[in-house]
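Colleague: I have a few questions about this model before I set up any calculations. Can we go through it residue by residue?

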Amino acid sequence: MSRTLLAQSFYRLLSSQTGSKLEGKVALITGAASGIGKATATKFINNGAKVVIADIQQQLGQETVEQLGPNATFVTCDVTKESDISNAVNFTISKHNQLDIMYNNAGVPCKTPPSIVDLDLAVFDKVMDINVRGVVAGIKHASRVMIPHRTGSILCTASVTGLMGGLSQHTYSVSKSAVIGIIKSVAAELCKYGIRVNCISPFAIPTQFVMDEMSQIYPGVDDQRLLEIVNNAGVLKGAKCEPNDVANAALYLVSDDAKYVSGHNLVVDGGFSSFKSLGFPAPDEVH
Ligand SMILES: NC(=O)c1ccc[n+]([C@@H]2O[C@H](COP(=O)([O-])OP(=O)(O)OC[C@H]3O[C@@H](n4cnc5c(N)ncnc54)[C@H](O)[C@@H]3O)[C@@H](O)[C@H]2O)c1
């Protein structure tokens, strides 16, 4: 099955799962033209929310909005430009009169030589600009409109690579560690306004950016094989990490189900980062 067909059947399945946990709520999601952001936008809409999709990819963003229907709107936004983020927040307010949920999800992988000795600091700055500064700017401008209302939920996408070393290149790993730190720092201030701030740390999911990276690491290997490699990397047998798993975690964190959860990093990794095995031989193997 082609990647497009796979994606279409996936979103059809997703759109059949509905609820009302976000009835009357308005969400702004960055990086929602594809992948995790798109799955989460779909989930939020299917639970009653109106969603503004903010993404740097204009055409893909418009196509996504067409697929998601009248409760989705697109605004062009490059999260490295504070004025774009500010504009996306203002656009949401002018369209819907409120902003209840801000999901800072946009992020990029990094392509730089793997050794610290060869680290490309120009690439480091570029990745930090999107993955860290973009998140901080999103939180700043969401807070600007949420604080006067004394309510709101802010969510960010971190990663298991921000919890443990060795799972990705230093630059990406550092950027995601920073996201986990940012939500704790900001939760400390915003709790007095009733605003909750959390993040999600997903395991590897074969979205566009992971597939692009995999194709570079394994040139000439077909998509199906690359999918298998990513999906077999986890430890929880019988399941694989999918965008919908992150969307479910996001729905929980931004809904009233999590009304007393703030400053939390919800790890969605099938247990991967919780343990290491010593690899001792079984007792009957030792003589
Ligand atoms: N896929 C994974 O394995 C995985 C695991 C852990 C965390 N994450 C994180 O999840 C988030 C979403 O990634 P994804 O896997 O859905 O990948 P994706 O490539 O499908 O989606 C990323 C989206 O961000 C957008 N974007 C990139 N730069 C932007 C910018 N400057 N301004 C606005 N939008 C921008 C892209 O256009 C794209 O739509 C990222 O923060 C990523 O780091 C992904």
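Colleague: Is N97 buried or exposed?

Modeller: This is a predicted model, and the call rests on a neighbour count. N97 has 8 C-beta neighbours inside 10 Å, so N97 counts as exposed.

Colleague: Where does N97 lie, and what is its phi?

Modeller: N97 lies in the loop between helix 4 (82-96) and strand 4 (101-104). N97 is not a glycine, but its phi is positive. The value is about 70°.

Colleague: What about R150: which loop holds it, and is R150 buried or exposed?

Modeller: R150 is in the loop between helix 5 (121-146) and strand 5 (152-157). Its phi is positive too, near 55°, in a residue other than glycine. There are 10 other C-beta atoms within 10 Å of R150, so R150 is exposed.

Colleague: Is R196 buried or exposed?

Modeller: R196 sits in strand 6 (residues 195-202). The threshold for burial is 20 or more other C-beta atoms within 10 Å. R196 has 23 such neighbours, so R196 counts as buried.

Colleague: Which residues is R196 in contact with, leaving aside neighbours within four places in sequence?

Modeller: H264 is 68 residues from R196 in sequence, with 9.3 Å between their C-alpha atoms. Leaving aside the neighbours within four places, the contacts of R196 are S153, V261 and S262.

Colleague: How many C-beta neighbours does V52 have inside 10 Å?

Modeller: V52 belongs to strand 2 (residues 50-55). Not counting residues up to four places away in sequence, V52 touches L28, T73, V75, A88, F91 and T92. H96, 44 residues away in sequence, is 9.6 Å from V52, C-alpha to C-alpha. V52 counts as buried because its neighbour count is 26.

Colleague: Which residues have the most contacts inside the largest nonpolar core?

Modeller: That core has 66 residues. Its members with the most contacts inside it are V51, I53 and A250.

Colleague: How far apart are the end C-alpha atoms of helix 2?

Modeller: Helix 2 (residues 35-46) has twelve residues.

Colleague: How many residues of helix 2 are buried?

Modeller: Among the buried residues are G35, K38, K43 and N46. Helix 2 is largely enclosed by the rest of the structure, because the buried count is twelve of the twelve.

Colleague: Which residue with positive phi follows helix 2?

Modeller: The phi value in question is near 100°. The residue is G48.

Colleague: Which residues are closest to the ligand?

Modeller: The ligand is surrounded by 28 residues. By class, 13 are nonpolar, 13 polar and two charged. The closest are G31, G35, G107, S159 and T207.

Colleague: Which helices each supply at least two residues of the shell around the ligand?

Modeller: Both domains take part in the shell: domain 1 (20-205 + 241-268) and domain 2 (207-239) each give at least three residues. At the level of helices, the suppliers of at least two residues each are helix 2 and helix 7 (208-217).

Colleague: How far apart are the C-alpha centres of domain 1 and domain 2, and how many residues does each put into the contact?

Modeller: The centres lie 24 Å apart. On the side of domain 1 that touches domain 2, eight residues are nonpolar, two polar and no residue is charged. The contact takes ten residues from domain 1 and, from domain 2, eight.

Colleague: Last one. Is L60 buried, exposed or partly exposed?

Modeller: L60 is in helix 3 (residues 58-68). Beyond four places in sequence, L60 is in contact with A33, S34 and D55. L236 is 176 residues from L60 in sequence and 33 Å from it in space, C-alpha to C-alpha. With 16 other C-beta atoms within 10 Å, L60 is partly exposed.

Terms used
Residues are numbered from 1 along each chain as its sequence is written. This is a predicted model: local features need pLDDT of at least 70, side-chain atom pairs count only at pLDDT 80 or more; totals for chains, interfaces and linings use all residues. Helices (H or I, at least four residues) and strands (E, at least two) are DSSP runs, numbered from the N terminus. The expected span of a helix is 1.5 Å times one less than its number of residues. A residue is near a molecule or strand if its C-beta atom, placed from the backbone, lies within 6 Å of it. Ala, Val, Leu, Ile, Met, Phe, Trp, Tyr, Cys and Pro count as nonpolar, Asp, Glu, Lys and Arg as charged, and the others, Gly among them, as polar. Domain bounds come from an automatic or database domain assignment. Two residues are in contact if their C-beta atoms, placed from the backbone, lie within 7 Å. A nonpolar core is a set of buried Ala, Val, Leu, Ile, Met, Phe, Trp, Tyr and Cys residues joined through C-beta atoms within 7 Å.
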